[in-house]
Amino acid sequence: MEIVPVANVVNEAHDPVHGATAFADVLISRSDEYVSTSDPTEALQDPRVAHIFRAYINNLAGWYDLNDRRRHFTDIVPVLARRNSLLLSAILAFAAASQSSSSGSTPLKDLADAYHLESVRRLLALMKRPDGFRTGVTLAAICLLRSYEIISQNVTCQNHLQGSYSLLASHPIDLEAGLLSAGFWNYLREDITVALIEKRSLMIQLPEEPLPTKTECDDDLANRITYLLGRVINGCLLRDAVPLDSCEWESLRDQLEDWRTSLPSAFGPILTPHLLPNSSFPSMWTTSGWHAAGLQYYHTAMVILWLAEPCPSLVNTLQHIERINNLESKLVHHATIVCALALSSRSAPVWVNSFGPIAFCKTSAFLSW
């Protein structure tokens with residue numbers, strides 16, 4: 001089978017919502033050249049589709065299960081995709097885009113674009129009936145499509161997915177368990193990554209009540225610091241916002257320190273000198289990906305918070321110099337740990353999740369790498 005060249009019809013899809021519908025119709029009409037996911041069982045009989053689907057399961061699903069001991073995106077999402085067209089097309093869009101990014105394959109990029117637009121059409125249809133739209137499957141698909149956009153277009157691309165998420169989140173989401181919870185934490189981490197790279201606030205609002213409401217296991221603690229980092233970002237990186245006052249700053253700092261002191265010993269990194277030859281960073285690694293990601297988020301939050309610390313109104317020149325030197329020392333300390341945890345890790349999900357923290361620390365912490 002031949003893949004429909006996306007370039008031939010891309011001009012019909014300038015609008016990311018309405019144009020996508022027409023684009024997908026063109027692709028699906030060429031059924032002899034393009035395998036639609038309308039019937040997932042039939043689609044998975046195509047070797048090319050099966051290859052991309054298996055690549056997601058084996059190589060990419062773990063990105064989404066970074067802080068999820070229940071492994072929803074590895075063990076549950078593929079099963080659901082076998083009977084859900086939206087989820088299957090979203091998986092194929094993301095996985096094909098990832099493979100194209102690694103190999104430079106134009107046919108794979110074309111295929112990723114095609115499945116992305118098929119997914120858009122299905123999202124638009126679902127949005128017309130909100131009760132059927134607000135499901136864990138829909139949120140999982142939105143997370144996958146957002147990854148597609150970051151990989152295949154640019155990191156700042158939001159397109160229609162912000163509106164899709166807003167509609168889904170217009171009613172309370174049960175964050176205690178299940179695919180809705182897993183999707184929410186993934187969407188928040190993706191939002192944090194882009195916000196750190198762009199140095200801006202999140203696209204979504206976070207509830208005042210700390211999340212998750214229960215912290216039973218280590219992955220819950222990793223999700224808790226994800227929430228706290230999001231609160232710090234929204235409090236400190238909102239453009240043209242009024243600077244934090246002392247009470248607000250101390251409240252955020254106390255929440256971060258309470259999280260740090262609550263950690264079990266297993267969360268602490270293992271220090272192995274000379275584990276990384278020829279590296280100027282300390283060798284520190286963790287036994288689980290969520291340990292590394294959680295610690296990176298804590299230290300990233302501290303970098304932002306120290307930068308946002310209210311300045312005393314009356315300081316002389318020498319005191320100001322001392323304050324700058326102390327700030328530099330703190331920033332370098334936290335940024336170094338963020339980078340060391342990434343470099344010492346052998347986990348692809350940790351590396352992917354490190355992009356945002358490292359990008360922010362590199363340009364905000366007086367580092368010259």
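Predicted model: local features only at pLDDT ≥ 70, side-chain atom pairs only at ≥ 80, totals over all residues.
Trainee: Which helices do Tyr64 and Phe94 lie in?

Mentor: Tyr64 belongs to helix H3, which covers residues 47–64, while Phe94 belongs to helix H5, residues 85–103, so the pair ties together parts that are 30 residues apart in sequence.

Trainee: And is Tyr64 buried or exposed? What about Phe94, buried or exposed?

Mentor: Tyr64 has a relative accessibility of 3%, and because buried means under 20%, Tyr64 counts as buried. Phe94, at 0% relative accessibility, counts as buried by that cut-off too.

Trainee: Which residues do ring pairs link into a cluster?

Mentor: The cluster is made of Trp63, Tyr64, Phe73 and Phe94, which are linked by ring pairs.

Trainee: Moving on, what kind of pair do Phe184 and Trp185 form?

Mentor: Phe184 and Trp185 form an edge-to-face pair, with 5.0 Å from centre to centre and 75° between the planes, and both Phe184 and Trp185 are buried.

Trainee: New topic, then: which ring does the charged end of Lys330 sit over?

Mentor: The charged end of Lys330 sits over the ring of Trp306, at 3.7 Å from the centre of that ring.

Trainee: And where does Arg146 lie?

Mentor: Arg146 lies over the face of Tyr187, and its distance from the ring centre is 4.4 Å.

Terms used:
Residues numbered from 1 in each chain as written. Heavy atoms only, no water. Helix = DSSP H or I, 4+ residues; strand = E, 2+ residues; numbered from the N terminus. Buried < 20%, exposed > 50% of the residue type's maximum accessible area, 1.4 Å probe, protein only. Phe/Tyr/Trp six-rings, centres within 6.5 Å; stacked < 30°, edge-to-face > 60°. Lys NZ or Arg CZ within 6 Å of the ring centre and 35° of its normal.
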